Amino acid sequence: MSHSKMIASLFAAAVFACIGCGPSGPEMGHVFGTVTYEGKPLPTGTVSFVPEKEGLPMAYAQIQADGTYEASTKSLGRGVPVGSHRVMITAMTDGGSGEGGNLIQLIPTRYGGDRMSGLTAEVQEGENKIDFLLEK
Amino acid sequence: MKRSRGFTLVELLVVIAIIGVLIALLLPAVQQAREAARRMQCSNNMKQLGLALHNYHDTYGRFMSGGWDIDGIAGYSMGWVPRLFPFMEQGARWDAMESLNNNYVITRSPFRYHDQDNPIFGAAPGLWCPSSAIGDVASDQTPTSSLPYQDIQGSLHYRGCSGSIDVDYQAGSSSGREYSASGVMYPKSQTRIGDIIDGTSNTILLGETSSAEGWSVSSPTIVSGLTGLKPWVLGFYRYSSTSWLTIDHKTIQFPINYQGQFGYNLTPYASYHPGGAMFAKCDGSVSFFAETMSLDTLKYYATRKNGEVISGQ
């Protein structure tokens, strides 16, 4: 085998070794917005997106001090899988580590259940601004 | 033409390239094999705990309770774990506790301030997942005035399942004390195998909670507070006969590997195993549940007699 042929085959092998599988997975949409409770922004808490379709990852968002949130998944990074989701929101503060504990709920606990909250989200590809207006 | 006996440069390069590719293929596989071994060990831990709970059932005719309703006893009490020691070859540990004080496990939380040179309350074999970064003692806990030694007491990475938050909800006297009585292990439970009408292979007995990743994002006390992964000496806290803090057994409200805030009795199941956590079912089998398992299915597995049909997983 001539040297140039050998070098060419080496190069081809290197190219094949470098070609991996690109990122695959469900289509994602960027989801962000504001959560308010009785008209005021919620200062803390978690928004969870529970997909209706089996096998998709759940997406979570931590509510910032100004009430805004931006959702991401643990395995796929920023965004929420496209499709319909049930949404649950929990918001609480720990009232200190005293004997037996003391938990303060900032919103009614029904919002923390995916079947009880009554909140849903329809996520499309691209930008999705979804605001949640919670009431007592 | 006279051929030289050595290698040419190109031949050498080809050999090095081939060896490099083989090593590159092998190295990640070695790491995966290590994780697979740890996962198998974790699965074995759960299997042993499941068998011990079955032995307990054979002796007492019911599964271990989540909390004992003994009037006048309040405070942090020991739960199912120390009560299971005689059934999992840790009888010496049990005897050592009894020798410190009669009826040690039902006396109000004496372990809290106990001499910490005493190894009784340290790491116990089979109660912690080898994949977990937390380790064999509850190292992510911060000592407080009421729990001064919790960071050096033994880890507990396997917790009983009280059921699904959607079924048989018990509100408790205030926020943080809610739990479900739809599972196998909950305060005052006396579940027999015959009570598990959904079928023992469709009902969770224990679940793995060995990771607190993603919990402290917005509330630092979630990890080290009462929601966190407390050591095995902390079982439950009885406020009244209808109001409980459940530390060694949990109600399912959130999916596996949930990231965010949650109440005291609703700590989600989570682990360092990639993509899910281990669960022991009431038939004694241990399965790996993926974190993408639908929340409904997880809740169906949590209830003992709600009649849901679980599609193949």
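**Note on the predicted two-chain model**

1. Start with a bridge in chain B. S77(B) has F236(B), a residue of β6(B), as its bridge partner. The strands concerned, β1(B) and β6(B), run antiparallel to each other and share two bridges. Keep in mind throughout that this is a predicted model.

2. That pair belongs to a sheet. The sheet is open, has three strands in the order β1-β6-β7 of chain B, and is antiparallel. Its edges are β1 (76-77) and β7 (243-246) of chain B. Each edge strand has a single partner, so one side of each lacks a neighbour in the sheet. In general, the strands of a sheet pair through backbone hydrogen bonds, in either a parallel or an antiparallel sense.

3. β6(B) also holds S240(B). Is S240(B) buried or exposed? It counts as exposed, because 12 C-beta neighbours lie inside 10 Å and the exposed class takes 12 or fewer. S240(B) and M78(B) are 162 residues apart in sequence, and their C-alpha atoms are 16 Å apart in space.

4. Confidence first, then the contact between chains. Chain B has a mean pLDDT of 89, with 94% of its residues at 70 or more. For the complex, the predictor reports an ipTM of 0.83 and a pTM of 0.87.

5. The contact involves 33 residues of chain A and 32 residues of chain B. On the chain B side, the elements that give two or more residues are α1 (9-60) and β6 (236-240). The largest share of that side, four residues, is from α1(B). By type, the chain B side splits into 17 polar, 14 nonpolar and one charged.

6. What span should α1(B) have, and does its geometry agree or disagree? With 52 residues at 1.5 Å a residue, the helix should span 76 Å. The C-alpha atoms at its ends are 76 Å apart, so the two values agree. Just after the helix, G61(B) has a positive phi of about 80°.

7. Look next at what α1(B) buries. The buried residues are R39(B), C42(B), S43(B), N45(B), M46(B), L49(B), G50(B), A52(B) and L53(B). An α-helix has 3.6 residues a turn, so residues three or four places apart point the same way. The buried residues of α1(B) pack against one helix segment and several strands of chain B, namely α2 (80-84), β2 (158-164), β5 (204-208), β9 (276-281) and β10 (286-290).

8. Chain A has one helix and 14 strands. It has 136 residues, of which 35% count as buried. Among its contacts with a separation of 6 or more, 65% join residues 24 or more positions apart.

9. On the cores: the largest nonpolar core has 93 residues, and A71(A) and I89(A) have the most contacts inside it. Which residues does A71(A) touch, leaving aside neighbours within four places in sequence? They are V31(A), V47(A), F49(A), A59(A), Y60(A), A61(A) and V80(A). A second core is separate and has five residues, including A212(B), W215(B), I222(B) and L229(B).

10. Two backbone angles deserve a look. Most residues other than glycine have a negative phi. E38(A) is not a glycine, yet its phi is positive, near 50°. It sits in the loop between β1 (28-37) and β2 (40-41) of chain A. E38(A) is exposed, because 10 other C-beta atoms lie within 10 Å.

11. The second case is D168(B), also not a glycine, with a positive phi of about 50°. D168(B) is in the loop between β2 and β3 (169-170) of chain B. Here 19 other C-beta atoms lie within 10 Å, so D168(B) is partly exposed.

12. Last, D296(B). Its place is in helix α5 of chain B, residues 295-302. D296(B) has 18 C-beta neighbours inside 10 Å and therefore counts as partly exposed. From D296(B) to I310(B) is 14 residues in sequence and 9.4 Å in space, C-alpha to C-alpha.

Terms used:
Residues numbered from 1 in each chain as written. Chains lettered and ligands numbered in written order. Predicted model: local features only at pLDDT ≥ 70, side-chain atom pairs only at ≥ 80, totals over all residues. Contact = placed C-beta atoms within 7 Å. Nonpolar A, V, L, I, M, F, W, Y, C, P; charged D, E, K, R; others polar. Expected span 1.5 Å × (residues − 1). Buried ≥ 20, exposed ≤ 12 C-beta atoms within 10 Å, placed from the backbone. Pairing = 2+ DSSP bridges. Core = buried A, V, L, I, M, F, W, Y, C linked by C-beta atoms within 7 Å. pLDDT = per-residue confidence, 0-100.
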